[in-house]
Amino acid sequence: MGAAAGLDPAFALHRGGKMAVRATVPVRDADDLSLAYTPGVAKVCAAIAEQPELAHDYTWTSQVVAVVTDGSAVLGLGDIGPAASMPVMEGKAILFKQFAGVDAVPIALDCRDTDEIVETVARLAPSFGGVNLEDIAAPRCFEIERKLQERLDIPVFHDDQHGTAVVTLAALRNAARLTGRGLAELRVVISGAGAAGVAIAKILLGAGIGDVALCDRRGVVCGDREDLTDVKREIAGLTNRAGLTGSLEDAMAGADVFIGVSGGTVPESAVARLAPGAFVFAMANPDPEIHPTVAARHAAVVATGRSDFPNQINNVLAFPGIFAGALQVRAARITEGMKLAAAEALAAVVADELTPQRVIPSPFDERVAPAVAAAVAAAARAEGVARR
């Protein structure tokens, strides 16, 4: 690590970890001890054994989230393993608490087998009210989420997919509103067909977007390609109504929106082929696919994943409020309708304050999490997945 690390403020902040457990009841004397632990605790345990639903009222399980990873796709670092992923998982957990008052526990699993991960999380599930899957590589992440959703009766949410998708849709709604267009008028090109790209494509279709072309390293994901995974084959059947083929640059010609979740660099010549008044959401970190100064020469609205440029597409705008709303009503799962409601509520926070540099709220806007939580809770009740 070297002496320089000792002077680095990041290392100083992380020393000893970023979290601790804090009691919510006092244990000051024998009377407190007898209530918090034995013998008083036995009464509560016996009641829960007789009526398991009481666990949601008399333990913390209904208001705590497991943040689970295998360390295989951590931020921009890739496959760094479970131990090295813990600073990120701790960070995710404190964001839950900071922005929505939701308790979360980081869990890094030392396994890569899909069924082993599913079995492990399922066995841990009685301790939690929800599961946030984090930084698990595609395509394994899709199957893990699906199997856990089928097996558990608590919300399971892969944030790299759905959190990114919710915030992207919110920003796109406001960019369209700002420029006097409807989503149905827009043709979108997405660079990156991993977890985030697939989820963005699906939520945009659910929101009524005009058309979406999803692109991977080999170009447009279309049905006549023979190299597609099952996930890409499914999304090929839902997208690309225009029947595009060829490269990403080919697909960008005349497109109204570019969304980047892939890394790499898109040449300015391709950006110049976008339709007039286009939107560029170049969200790769730390280096956007299209630098904002380049994008601004050709686009009406520019967004990135970085905090040092306007319009940061940041998952922290979505996941704290989504889980807060789901936990509030003890939702059995997070539905597509709940995600769409979250995106609409997030967009509405700044709908009356729109400029090209402000189509999405700041992560520190205190209106965000309450607005998202309320919308998610209402959608859960409307869709019949709320249990209180």
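Q: How much space lies in the second largest pocket?
A: Keep in mind that this is a predicted model. Helix 3 (30-36), helix 4 (40-50), helix 6 (81-100) and strand 2 (103-108) each give two or more residues to the lining of the second largest pocket. The space in this pocket comes to about 820 Å³.

Q: Which element gives the most to the lining of the second largest pocket?
A: The lining has 24 residues, with Val 21, Arg 22, Thr 24, Trp 60 and Asp 103 lying nearest the centre of the pocket. By type, the lining splits into 18 nonpolar, three polar and three charged residues. The top giver, with four residues, is helix 4.

Q: Which strands stand at the edges of the open sheet, and why is one side of each left without a neighbour?
A: Let's walk across the sheet: six strands line up as 7-6-5-8-9-10, with mixed pairing.

Q: What is the bridge partner of Val 188 in strand 8?
A: Strand 5 (residues 187-191) runs parallel to strand 8 (residues 257-260), and four bridges pair them. For Val 188, the partner in strand 8 is Val 257.

Q: Which residue in strand 10 is the bridge partner of Ala 282?
A: Strand 9 pairs in the parallel sense with strand 8 over four bridges, and Ile 259 stands opposite Phe 281 of strand 9. Strand 9 also pairs with strand 10, again in the parallel sense, this time over five bridges. In strand 10, the partner of Ala 282 is Thr 304.

Q: How many residues of strand 9 are buried?
A: Ala 278, Val 280 and Ala 282 point one way from strand 9, while Phe 279 and Phe 281 point the other way. Both sets are buried. That makes the buried count of strand 9 five of five.

Q: At about what angle does helix 10 run to strand 6?
A: Helix 9 (residues 159-178) lies across strands 5, 8, 9 and 10, at about 155° to strand 9. Helix 10 (residues 195-206) lies across strand 5, strand 6 (211-216) and strand 8. Its angle to strand 6 is about 175°.

Q: Is Glu 249 buried or partly exposed?
A: Glu 249 sits in helix 12 (residues 248-252). Beyond its neighbours within four places in sequence, Glu 249 touches Pro 267, Ala 270 and Arg 273. Buried would need a relative accessible area under 20%. Glu 249 has 33%, so it counts as partly exposed.

Notes. Residues are numbered from 1 along each chain as its sequence is written. This is a predicted model: local features need pLDDT of at least 70, side-chain atom pairs count only at pLDDT 80 or more; totals for chains, interfaces and linings use all residues. Side-chain values use heavy atoms; hydrogens and water are left out. Two strands pair if DSSP finds at least two bridges between them. Contact means heavy atoms within 4.5 Å. Axes are lines fitted to C-alpha atoms, for helices over the stretch in contact, and angles run from 0 to 180 degrees between N-to-C directions. On a 1 Å grid over the protein atoms alone, a cavity is a set of points where a 1.4 Å probe fits but cannot get out, and a pocket is an open set with protein on both sides within 12 Å along at least five of seven lines; lining residues have an atom within 4 Å of a point. Grid points are joined across faces, edges and corners, and a volume is the space filled by probe spheres set on the points. Ala, Val, Leu, Ile, Met, Phe, Trp, Tyr, Cys and Pro count as nonpolar, Asp, Glu, Lys and Arg as charged, and the others, Gly among them, as polar. Buried means under 20% relative accessible area, exposed over 50%, partly exposed in between (1.4 Å probe, protein chains only).
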